[in-house]
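Work through the following exercises with the sequence and the model at hand. Try each task before you read its solution.

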Amino acid sequence: MTMKRASEEGLKRFVQEVLASSGVDPYSCDAVSQSLVHANLRGIDTHGVRLLPLYVDYAEKGGVNKRPQFRLERTFPSCCYLDADNGFGAAAGFRAIDECMKIAEEQGVAIASVINSSHSGFMAAFTLRAAAKGFIAFSFTNTGPVMLSHNGKNEYFGSNPICFAAPREEGDPFCVDMATTARTFNSVQLAKLTGSKLDEGYYADDQGEMTTDPWKAQYVLPSGGHKGFALSAMVEILCTALSGTAFGPHTVPMYGQGSDPANKRQISQTYIVCRADFCIPLHQFRQSLQQMSDEVRSRPAKEGERVMMPGDPEIHLTEQRRKEGIPVNDAVWANLEKLADQYSVSLPDILPEQ
């Protein structure tokens, strides 16, 4: 599979113009473009511009509200509740994290529960925004049920990601962004698109048996066995039981049986933000985390390897892709070409090979 390369700015412009041409409001256009392209920059290509055709399909068929009317309610001094009106999950995520930062600035800590949302995409986009402004942040979302239950033959919970970010002295915050499954189900869709086999030991068919065939894969295994299963349950509680929304198999799936771009998925998210200076000065917190990061990176490494902090590979890849361009495989590019024709939008310029 060959690759084309495009700039960050070119891809953002393309995403914004396609969505705007389909009738999506400006705030949502900006939020989705930031989320998708940021994912590509950090090497999370499963959650990058590959998703744009799916997002457009949901918007055109009514599963996602093109022009949502967000309703925000402050329920307690440090708590709020955002009804996303079935808009794009990225738009709801940025709105919620921004509100949490406002509340945390005053109260020290804030939590936002988001209902009537959709696929939130790249969760680090939200926490990194808060960490860049000196806050500690968490983000959680439930998903459609895709995780093979521990000791089970089928699913109940989703890949239910957890993301955490915190500021340090260097320009890039510390960030952990992980699904509670060993792989995301979007990796199955990407493998179908590119004609690739799946990594061995992470996927199961409809009988709960291991497979590397993306066309047979129905479930993804929990990360760390029963521990990943437990973390997925925790995220489900934080996002759904807390807000009184649909959970587990009662949600509308994104792919496969029961999925329909005309149906509103009503996914829920939870965001938590706190000030990093509620115990010590912010500069001291940044210094402490920087010292920790530097010491971890200086640990003895195996030959040909290096010890890194979580998030370091994504930081290095972002630097590389900003310099050399973001690689987009031919199958994904072909789908972008279809959108360009459909909405009379010019494709991003293809960058020359480095």
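**Exercise 1.** Find the strand that holds Met178, and decide whether Met178 is buried, partly exposed or exposed.

Solution. Met178 belongs to strand S7, which covers residues 174–178; strands (E, at least two residues) and helices (H or I, at least four) are DSSP runs numbered from the N terminus. The model is a predicted one, in which local features need pLDDT of at least 70 and side-chain atom pairs count only at pLDDT 80 or more, while totals for chains, interfaces and linings use all residues. Residues are numbered from 1 along each chain as its sequence is written, and side-chain values use heavy atoms, with hydrogens and water left out. The next step is the accessibility of Met178, which is 33%, so this residue counts as partly exposed; buried means under 20% relative accessible area, exposed over 50%, and partly exposed in between (1.4 Å probe, protein chains only).

**Exercise 2.** Name the residues that make the nonpolar surface patch of about 220 Å².

Solution. Met178 makes this patch together with Leu231 and Met234. Patches are made of residues with over 30% relative accessible area and no salt bridge, where like charges are joined within 9 Å and nonpolar side chains (Val, Leu, Ile, Met, Phe, Trp, Tyr) within 5 Å. The accessible areas come from the Shrake-Rupley method with a 1.4 Å probe, and for residues only the protein chains shown count as cover.

**Exercise 3.** Examine the salt bridge of Glu8 and Lys12, and then that of Arg95 and Glu99.

Solution. Side chains of opposite charge can pair when their charged atoms come close. Here a salt bridge is a side-chain nitrogen of Lys or Arg within 4 Å of a carboxyl oxygen of Asp or Glu, and the whole structure has 19 of them. For Glu8 and Lys12 the distance from N to O is 3.4 Å, and the two are four residues apart in helix H1 (residues 8–21), so about one helical turn separates them. Glu8 is buried at 14% relative accessibility, whereas Lys12 is partly exposed at 24%.

For Arg95 and Glu99 the distance from N to O is 3.2 Å, and these residues are four apart in helix H4 (residues 89–107), again about one helical turn. Arg95 is partly exposed at 26%, while Glu99 is buried at 12%.
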